[in-house]
Amino acid sequence: MERVRELLHADAAHKAGHIGSGVTVAVMDTGIVAHPDFQNRIVTFVDFTSRRKGMYDDNGHGTHVAGIIGGNGFASRGKYAGMAPGCNLVILKVLDRMGNGNTAQVLRALQWVIENRKKYHIRILNISVGMLNSAKKEERNKLITMVEEVWNHQIVVVAAAGNNGPEGGSITVPGMCRSVITVGSSDDDISDRRLGLTKGYSGRGPTEACIVKPEILAPGTAVTSCSPTLGYEVKSGTSMATPVVSGTIALLLGKYPKLTPAQVKLRLYETATDTGRERNVQGWGQIDVAKVL
């Protein structure tokens, strides 16, 4: 995260006091562990897979994603702090130890977010998981409809573009939703063979409805963040780029709490840095924290 923060000018924002305080980000993933970098900012944990009460992450993906959003770098003396080190986290476990889930569990979690948004002051929902376009159309439509409903309840939904590039039309569900902010990796020209990610892995549009996707890019390759061992590990993919954007939005809403999801989206559009790549690859361009704030 040290490299990502420097590249996106996040450290200057932190020094200016913008750390996402008072903003709650919901994370739908594989769970979380009580890593020192989260301290007392995990406000609730709900397990939709096994209905266990205590916090856990039997995969590691969710803890890594949450660290990118809101880890404060305590265990690394600030080196691996996340984008919004002062934000609160609501953790919804919808994936098992293999990283698999089912539509019913995800739908229940999305409904839970809608019903509990005011109780926990949820402003952002990070979805670093995706359903392949080969899934049943009925299941895809149900998921898209519910995600759009979350957005309509004034929650900024940030979703991964998926790792199925470089072919066109490779955006995963729910990243193909019209309303949500879909995130691709700006550095997918670097392959990560350990994870089976090849050059150009970031999903790209257009969608079946001919919508340009993704909206925005962020670094996603070789990102260091929290691990279930209470240390740190490196992971790659649009799953890592997505929480970079969610964390940046937490900083924005910490500074301007009255912004609506539509206004947040417009802000990203107006401040993105053009990378010179084709529109269905980069969307509006790469996010820049300083410009966003």
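Which residue in strand 3 is the bridge partner of Asp47? In this predicted model, the partner of Asp47 is Lys93. The model is predicted, with local features requiring pLDDT of at least 70, side-chain atom pairs counting only at pLDDT 80 or more, and totals for chains, interfaces and linings using all residues. Residues are numbered from 1 along each chain as its sequence is written, and side-chain values use heavy atoms, with hydrogens and water left out.

- An open sheet is formed by 7 strands in the order 2-3-1-4-5-6-7, with parallel pairing; two strands pair if DSSP finds at least two bridges between them.
- Strand 2 (42–47) and strand 7 (216–218) are the edge strands, each pairing on one side only; strands (E, at least two residues) and helices (H or I, at least four) are DSSP runs, numbered from the N terminus.
- From one strand to the next, the twist averages 25°; angles run from 0 to 180 degrees between N-to-C directions, and axes are lines fitted to C-alpha atoms, for helices over the stretch in contact.
- Strand 2 runs parallel to strand 3 (residues 88–93), joined by 5 bridges.

**Helices on the sheet**
- Helix 3 (residues 61–70) packs on the sheet and touches strand 1 (24–29), strand 3 and strand 4 (122–127), where contact means heavy atoms within 4.5 Å.
- The direction of helix 3 makes about 155° with that of strand 1.
- Helix 7 (residues 261–271) lies across strand 5 (156–160), strand 6 (181–185) and strand 7, and runs at about 35° to strand 6.

**Hairpin**
- Strand 8 (residues 223–226) pairs with strand 9 (residues 232–235) in the antiparallel sense over 4 bridges.
- Val223 has Lys235 in strand 9 as its bridge partner.
- The two strands form a hairpin with 5 residues between them, and Leu230 in the turn has a positive phi of about 75°.
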